[in-house]
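Subject: Structure for you to look at

Hello,

Here is the structure I said I would pass on. My notes on it follow below.

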Amino acid sequence: MRNTSMIVLAAAVLLQTPAWAEDGRWIFSTGVDYSTGDYGEAEDTTIVTVPLAAGYVAERWSATLTVPLVSVDGPGTIVPGGIGGSGPLGGLLGGDAANKVPPVNGVSEIGLGDVSLEVSAIPYVSAGGTQFSMTGRVRAPTGDADRSLGTGEAAVAVSAGVREPIAARSAVYGSVGYEQAFGGGGSGVIAGVGAESYVSEHTLAGVTLEFAQASSELRRDAAQAGAYVGFDVSKDTRIVAYGAAGLSETSPDVQAGLRLTFAGD
């Protein structure tokens, strides 16, 4: 559970906010995500991602495809990758362990990262508004592992979540799931909790806490806390800014990003 590119922050915020949950709409988003830290290694790795996402959201299901452009600078021991996560900041745990011997002089590369597809469904909504959801994510190894732009292996994750409204425009949520990587054979539990509320008519604020069990024999468990603010520019457009800090040695020290999301008819 490693990189912001594998988690569609803006799309997740879009799909989990009741004000945006209209039936049958296309969504498009882009932005920039930045993370840096040593991940328990001797040197820092900095990853910058520009995710290009497109999806479709209906009343009880959604699907989102994300094509990330990534930049990685570091010793080559950490690469962009990972698909775990939960909540609007799902998966913001930096980078994955490289599946190759790192180059002597490190890496400084820009290119296509690992493309991912996420499909979610809400099979049950109670009379009080409690929602139960199921989510599946698949990552394809489209990033060049030899250039440290991806993990070089496919992966799949499934999770179940619940969202509980606590006021007219506030809610708490959480999810737990399992991630399986192929090739290297790594796997691990992913989990997260959060809360969000509209602090004004057009401004949404939230906090998250996330955990990822190591999904590689070369990695250890990771955890982080984050916060985000979204502003509804119009009924179709939202701007989201976020920040996150690692709570474990193998998480990135700092992450931040900005996302623009547009919902079409």
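Phe231 is found in strand S13; strands (E, at least two residues) are DSSP runs, numbered from the N terminus. Phe231 has a relative accessible area of 39%, so it counts as partly exposed (buried is under 20%, exposed over 50%, partly exposed in between, with a 1.4 Å probe and protein chains only). Together with Val32, Val233, Ile239, Leu258 and Leu260, Phe231 makes a nonpolar surface patch of about 490 Å². Such a patch takes residues with over 30% relative accessible area and no salt bridge, and joins nonpolar side chains (Val, Leu, Ile, Met, Phe, Trp, Tyr) within 5 Å. A salt bridge is a side-chain nitrogen of Lys or Arg within 4 Å of a carboxyl oxygen of Asp or Glu; areas come from the Shrake-Rupley method.

Before the rest, a word on the source. This is a predicted model, where local features need pLDDT of at least 70 and side-chain atom pairs count only at pLDDT 80 or more, while totals for chains, interfaces and linings use all residues. Residues are numbered from 1 along each chain as its sequence is written, and side-chain values use heavy atoms, without hydrogens and water.

Strand S13 (residues 222-232) runs antiparallel to S12 (residues 203-212), and ten bridges join them; strands pair if DSSP finds at least two bridges between them. Ala223 in S13 is the bridge partner of Phe211. S13 is also antiparallel to S14 (residues 237-246), with nine bridges, and there Gly230 stands opposite Val240. Four residues separate S13 and S14, which form a hairpin.

Ser251 lies in the loop between S14 and S15 (254-264), and it counts as buried because its relative accessibility is 0%. Its side chain also makes a polar contact of 2.8 Å with that of Ser248 (N or O atoms within 3.5 Å, one able to donate a hydrogen and the other to accept it; residues adjacent in sequence count only if both atoms are side-chain atoms).

S11 and S12 are antiparallel, joined by nine bridges, and form a hairpin with four residues between them. On the other pairing, eleven bridges join S11 to the antiparallel S10 (residues 170-181), with Tyr173 partnered by Gly194.

Regards

Methods
Patches are made of residues with over 30% relative accessible area and no salt bridge: like charges are joined within 9 Å, nonpolar side chains (Val, Leu, Ile, Met, Phe, Trp, Tyr) within 5 Å. Accessible areas come from the Shrake-Rupley method with a 1.4 Å probe; for residues, only the protein chains shown count as cover.
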